[in-house]
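Visitor: Could you walk me through this structure, one question at a time?
Guide: Gladly, have a look at it first.

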Amino acid sequence: MSVAAIVVAAGSGERLGAGTAKALVLLNGRPLFEWAAVAMSRHPRVDSVVVVTPRSARETIQRVLGPEVTVVAGGHTRQQSVLLGLAAADPEAEFVLVHDAARPLVPAGVISAVLDGLLAGASGVVPVLPVTDTIKRVDERGTVTATVDRSDLRAVQTPQGFRRSILDTAHAEAQELGSAGTTDDAGLLEAMGLDIMTVPGSELSFKITTPHDLLVAEALAASSDILR
Ligand code: CTP
Ligand code: MG
């Protein structure tokens, strides 16, 4: 099994509002892109890592990660950044993992579970958690119109794993249709009518989106074994 990991880190981090690209924000003294890249590269079943960065930070990030990691500039949307990462990923890799740099504390066990799903024959695998809040639908005035049955809802995390040839095709089709489409990669395969397997995610893999998330991550990072 040959596996390439693509870490997408090219977003601007509007909602975090740090005044710098989110990937450069420090967690326990180390930038988010480094946490995510090391989480991938130290996994024994990951063979190569590509990090997709904001154009202006490409050289700085390459210096920190060293020559073992391929670093390329990203695009205006997450989907474009993944496409640029795919173009730079080892062409020999049979499987790809696509991971958000904004999920720096992903445990190795989640990566293993995604890879096990691919080995079992899935085209695409996503880590998920059950939704714990009650979910309601509202109208444009904010008045509740329905309470949604949450028993079959799942919150989706990364890394998402794919047979590489299928992800290439899915991105090529999305480009052709001009669809800026989905907020994740599995959505592109779903649009092709392919089945996506789910495996258990982890509360540690939560995405840092807001300043509150960064505070929580800071509390958890001290006991993480990813960077020490
Ligand atoms: N991402 C990317 N290229 C983009 C947009 C997003 O590589 N053009 C990456 C981000 O760096 C992040 C992941 O996709 O690791 C998930 O995106 P999100 O959490 O939305 O990050 P940002 O887009 O940076 O944040 P915001 O939406 O608040 O601006
Ligand atoms: Mg975003």
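Predicted model: local features only at pLDDT ≥ 70, side-chain atom pairs only at ≥ 80, totals over all residues.

Visitor: Happy to start inside. Which element gives the most residues to the largest nonpolar core?
Guide: That core has 44 residues, and M40, V49, V51, L65 and L97 have the most contacts inside it. Elements giving two or more residues to it include β1 (3-8), β4 (48-53), α2 (58-65) and α1 (32-41). With seven residues, the one that gives the most is α1.

Visitor: How many residues are in the other core that lies apart from it?
Guide: Among its members are F162, A174, A186 and L188. The size of this other core is 23 residues.

Visitor: Back to helix α1, then. Is W35 buried or exposed?
Guide: W35 lies in helix α1. Leaving aside neighbours within four places in sequence, W35 is in contact with residues including L27, P104, L105, A221 and I226. The cut-off for buried is under 20% relative accessible area. Because its relative accessibility is 1%, W35 counts as buried.

Visitor: Let's turn to the ligand. Which residue places a polar side-chain atom 2.7 Å from a nitrogen atom of ligand 1?
Guide: Ligand 1 is surrounded by 18 residues, of which V8, G13, E14, S81 and K207 are the closest. G13 has a backbone N or O atom 2.8 Å from an oxygen atom of the ligand, and a polar backbone atom of A101 is 3.2 Å from a ligand oxygen. The polar side-chain atom at 2.7 Å from a ligand nitrogen belongs to S81.

Visitor: What percentage of the area that ligand 1 exposes when taken alone does the protein bury?
Guide: Taken alone, ligand 1 exposes 560 Å². Of that area, the protein buries 87%.

Visitor: One last stop, the hairpin of β8 and β9. Which residue there takes a positive phi near 90°?
Guide: Strands β8 (residues 135-138) and β9 (residues 144-148) run antiparallel and are joined by four bridges. K136 stands opposite T147 in β9. Five residues lie between the strands, and in this hairpin the residue with a positive phi near 90° is G142.

Conventions: Residues numbered from 1 in each chain as written. Chains lettered and ligands numbered in written order. Heavy atoms only, no water. Pairing = 2+ DSSP bridges. Core = buried A, V, L, I, M, F, W, Y, C linked by side-chain atoms within 4.5 Å. Buried < 20%, exposed > 50% of the residue type's maximum accessible area, 1.4 Å probe, protein only. Near = heavy atom within 4 Å. Polar contact = N/O pair within 3.5 Å; in protein donor to acceptor, adjacent residues only side chain to side chain. Areas by Shrake-Rupley, 256 points an atom, 1.4 Å probe, with all protein chains shown as cover. Contact = heavy atoms within 4.5 Å.
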